[in-house]
Amino acid sequence: MAEDEALIAATALVKQFGDFTAVDGIDVRVRAGEAFGFLGPNGAGKSSTMRMIGCVSRPTGGALRILGLDAAKDGAAIRARLGVCPQQDSLDLELTVLENLTVYARYFNIPRKVARARAMELLDFVQLADRAGDKVEPLSGGMKRRLTIARALVNEPEIVLLDEPTTGLDPQARHLVWERLFRLKQRGVTLVLTTHYMDEAEQLCDRLVVMDAGRIVAEGSPRELIDRHSTREVLEVRFGNDPLDGFADKLDGIGERVEVLPDRILVYTGDGDAAAAQVHGRGLTPSSVLVRRGSLEDVFLQLTGRTLVD
Amino acid sequence: MAHPTALALEFHLVAYKRTWRSSVFSSFALPAMFLVAMGITVGHYIDERSTSIGVPYLDYLGPGLLAATALQVAVGDSTWPVYGGFHWTRVYHVMRASPLTVGDVLRGHLAFVLLRVALSSAGFLVVLLLFGALHSWWALTTPLVAVLVGAACAAPCFAFAARATSDGAFAVLFRVAVVPMTLFAGVFFPVESLPWVARLLAYVSPLWHGVELSRAATLGTATAWGVPAHVAVLAVWCAVGYVLALRSFTRKLGD
Ligand SMILES: Nc1ncnc2c1ncn2[C@@H]1O[C@H](COP(=O)(O)OP(=O)(O)O)[C@@H](O)[C@H]1O
Ligand SMILES: [Mg+2]
């Protein structure tokens, strides 16, 4: 991809804390209008990367250009055009829902009248218009997250950074957030998000990088990554509480690859049902058998030997 | 275009709309009560026995308490709230995601603290007027003196609070710095009656210089070292405090 069409261009980007390297020389290009994801487990360096992109943390090494500007020099100018939804909620619990947006808008020097009108619109968008005058404190986790997303939009940003937008939310609240983010994407807003949920990455991201221990271990669309590093289907078998150590041999030769996890065994295969039949054919009696499509979880497992969420 | 520092200040003003009522007590009513209790009652005994301070004790104490109130408000407002900006409300981190710079974040909050100091000292000045404790038009400059004392105390406190790893440090700060300063830096009695070590400490403290300036203003008298000297000492406190605060804020917000 040509340098000039990337909204975010990180080259050999490094972030160190003392002698600990949190981000270890990553290369990232984000294009206008795409939803780009950083998928990785806790501690992978996702937030550290996001904070550098958000121009609130100085890169230790490498180059970082955002919206054609140098992150090291033009931080304020870049931040004016970014929307940020940080990992940790940081709403003002003393202020009302509406005030949280209007106060934030003022940091961007948006005139009060405009700020108010825009805030009302955004509350509508995140389905919180009826709570405009309420304090933030009693809102549910999902509502707070949506309010934080609304806050990130008050300056009509060209890029929205979302650090773990749905971590800690119940499934219903997550779906509401996803749906709003999907709408944003449809409007052409460039989204950059981090997550350790593979379903979130699959649902929202056009393209993503898989991060582990500060490095990028794979890059592509969810489909490409699954095609490249997993199989079309995965057979999951469980054997009650039996120890699974010996099963690698017993299942050898079934499917393309067998992965033994502490609680279950994964058989990578193009045809899950056929593989299940083979398992039974060997006289094994699993306590449960599940055939599912290959996922980003499998990609991560294949690349790192570990599961994403433990 | 509003200056970015003013935009940061704006947040604190909006938040203050919710809390100003409760702060009136600590920053105004409490010192006024002190003035009445000490100035009138204790003052009655003092005025009967001693004339060495030259004016009624209430008139002597009033401008001292005005400066001490500036110290109290400044330190109170620049310890817990600053720590909270980093750790509790996280408002500094929120501001930092906008185009505001670390300097704007710091100065916006500092400006708010000084505004609070100015307001409480103006209120206190009215009380002094009602008690007939003002003897010079220079008294009108005491809110300025209070702001200078406030800045001299608040700026280093911003640095201290930004570096603090727990809010327990602030109660200690009050015990080892604010209370002793209030008691011994010339608010209640002349520092000349202190042993020399204590007197030396009073001389380096920002409060004593503020008390001198404030008292000279309300009584229309001269200060111990001359106005420029006192202002200079306070300016040094401000400057050093500000540099340290900016450095601490930058370290916390711009890692
Ligand atoms: N301010 C900091 N000081 C020291 N270490 C940090 C700091 N921020 C993050 N880290 C460390 O860097 C690593 C990556 O953290 P982070 O970027 O938050 O990962 P993620 O968001 O992927 O969970 C972690 O090991 C974390 O402990
Ligand atoms: Mg994180």
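Student: Which side chain has an N or O atom 2.5 Å from an oxygen atom of ligand 1?

Tutor: First, this is a predicted model, where local features need pLDDT of at least 70, side-chain atom pairs count only at pLDDT 80 or more, and totals for chains, interfaces and linings use all residues. Residues are numbered from 1 along each chain as its sequence is written, chains are lettered from A and ligands numbered from 1 in the order written, and side-chain values use heavy atoms, leaving out hydrogens and water. Now look at the oxygen atoms of ligand 1: one is 2.5 Å from an N or O atom in the side chain of Ser48(A).

Student: And how much of ligand 1 does the protein bury?

Tutor: Start with ligand 1 taken alone, which exposes 560 Å² (accessible area by the Shrake-Rupley method, 1.4 Å probe). Of that, the protein buries 60%.

Student: Why is the site shared between chains?

Tutor: Twelve residues surround ligand 1, with Lys46(A) and Ser47(A) among the closest (a residue counts as near if one of its heavy atoms lies within 4 Å). The site is shared because the residues around ligand 1 come from chains A and B.

Student: Which element gives the largest share of the shell around ligand 1?

Tutor: Helices are DSSP runs of H or I, at least four residues, and strands are runs of E, at least two, numbered from the N terminus. Three residues of the shell, its largest share, come from H1(A).

Student: How many residues of chain B are in contact with chain A?

Tutor: Contact means heavy atoms within 4.5 Å. Chain A brings 28 residues to this meeting, and on the chain B side the number is 22.

Student: How many salt bridges are there between chain A and chain B?

Tutor: Side chains of opposite charge can pair when their charged atoms come close. For a salt bridge, a side-chain nitrogen of Lys or Arg must be within 4 Å of a carboxyl oxygen of Asp or Glu. Arg18(B) and Glu99(A) make one at 3.0 Å, N to O. Between chains A and B the count is three.

Student: Over all chains, what does the count of salt bridges come to?

Tutor: Chain A has one of its own, where Arg264(A) pairs with Glu236(A) and the closest N and O atoms are 3.3 Å apart. That pair links distant parts of the chain, 28 residues apart: Arg264(A) is in the loop between strands S12 (257-260) and S13 (265-269), and Glu236(A) is in strand S11 (residues 233-238). Over all chains, the salt bridges come to 29.

Note on methods
Polar contact = N/O pair within 3.5 Å; in protein donor to acceptor, adjacent residues only side chain to side chain.
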